[in-house]
Amino acid sequence: MINDMRKNELGTVKILSIESEDTNSNSYIINGTITLKKDLEEKEKVLFSALQPDIPFSEDGWIEPDEGDNFFRNAETSFTRSVDMNVPLAANQVEDLYFTVLGETFAYNVRTGKEIKNPDISRMPFAIDTGAEPKNQIFGGSGVDGILDVAKKCKYNVTEIYDYTSLTPEEIRHVVMPYATGGYKTLTFNIGTDQDVPADGKPYEVVVYGSDFKDLDDSGAKGTVLWKKAITKDTPFQAVKLDVSKQAGVTIFADTKIRDNGHSFDLPFLPLAVSDVTLKK
């Protein structure tokens, strides 16, 4: 039994319990309710992501109501969401499960039901609605060897946007990396570029926006600015600490200044890398 209730500008979500047949099963069932502040449009969905951080292994998708065909304003609606992770529970090894609903991050030890106060969500799938999709971006992980930044310091647990390909007419290059932060007070992470930087890569500004972020395509973006920094070919990793107590989510955003130039070949790009994205109560 969990009985954890969260409220934000989108609505209220209650996580009632997490079930599993036994410790040899890698299938979990999350039981809860959702009450939205507005009707869900036909094209909209309640997005969902889950992470088994010890592996790491993740999945994303959406939540459907137990009865009926939609979630409606001010109506408490129950849901049952199954999660099929990579390995079963294993004492003192793989016991943790993180997941997001309505921009709220929930993190528990599934064996005990105890809440995890400082989950590392670096590998959590991007499953909150930012109003935009990343455009032809290639996301990569650091692997067991990590990556070196321009100061030759090694960082692990990295998510990196490291390439752009096949520009099409009028297409622009925005970096969009959203993280669900609801239920927590502080977000910390490291950000910079790795050592494999092109000499002619153009500098650009990285901005962290609050949960009111909107990508405006050619006009850039808007929203509450929580932090910003210029990224150049000489930018090493920098530690960032943000107050997210009033944010259901934050988005790391950058307009790389790359535009279609009438060619299909790659354009020089400074790779943006983020590591150790951690929430704290």
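Colleague: Which residue of S7 stands opposite Leu51?

Modeller: It is Tyr98. The model is predicted: local features need pLDDT of at least 70 and side-chain atom pairs count only at pLDDT 80 or more, while totals for chains, interfaces and linings use all residues. Residues are numbered from 1 along each chain as its sequence is written, and side-chain values use heavy atoms, with hydrogens and water left out.

Colleague: What makes S4 and S7 a pair of strands?

Modeller: Two strands pair if DSSP finds at least two bridges between them. Strand S4 (residues 46–52) and strand S7 (residues 96–101) have 4 bridges and run antiparallel, so they meet that condition. Strands themselves are DSSP runs (E, at least two residues) numbered from the N terminus; helices are runs of H or I with at least four.

Colleague: Which sheet holds these two strands, and what makes S5 and S8 its edges?

Modeller: The sheet is open, has 4 strands in the order S5-S4-S7-S8, and its pairing is antiparallel. Strand S5 (57–63) and strand S8 (104–109) each have a single partner strand, so one side of each lacks a neighbour in the sheet. From one strand to the next, the twist averages 15°. Such angles are taken between N-to-C directions, from 0 to 180 degrees, with axes as lines fitted to C-alpha atoms (for helices, over the stretch in contact).

Colleague: What is the order of the open sheet that contains S1?

Modeller: That sheet of 4 strands runs S1-S2-S3-S6, again with antiparallel pairing. Its edges are strand S1 (4–7) and strand S6 (77–84), each pairing on one side only. Neighbouring strands here are turned by 25° against each other on average, direction ignored. Between S1 and strand S2 (residues 11–20) there are 4 bridges, and Lys7 stands opposite Thr12 in S2.

Colleague: Why is the pair of Phe99 and Phe106 called stacked?

Modeller: The whole structure holds 8 aromatic pairs. In this one the ring centres are 5.4 Å apart and the planes stand at 20°, so the pair is stacked. Rings of Phe, Tyr and Trp (its six-membered ring) pair if their centres lie within 6.5 Å; planes under 30 degrees apart count as stacked, over 60 as edge-to-face and the rest as tilted. Phe106 and Tyr108 are also stacked, at 6.4 Å centre to centre and 25° between the planes. Ring pairs join Phe48, Phe99, Phe106 and Tyr108 into a cluster.

Colleague: How do you know that Phe106 and Tyr108 are buried?

Modeller: Buried means under 20% relative accessible area, exposed over 50%, and partly exposed in between (1.4 Å probe, protein chains only). Phe106 has 0% and Tyr108 has 2%, so both values fall under the limit for buried.

Colleague: What places a charge over the ring of Phe106?

Modeller: The charged end of Arg6 does, 4.2 Å from the ring centre. A charge counts as over a ring if NZ of Lys or CZ of Arg is within 6 Å of the ring centre and within 35 degrees of the ring normal. Lys281 is placed likewise over the face of Tyr184, at 4.5 Å.

Colleague: Why is S14 called largely enclosed?

Modeller: In strand S14 (residues 186–192), 7 of the 7 residues are buried, so the rest of the structure largely encloses it. Both faces are covered, with Leu187, Phe189 and Ile191 among the buried residues. S14 pairs antiparallel over 6 bridges with strand S19 (residues 238–243), where Asn190 stands opposite Ala239. It also pairs antiparallel over 6 bridges with strand S21 (residues 272–280), where Thr186 stands opposite Lys280.
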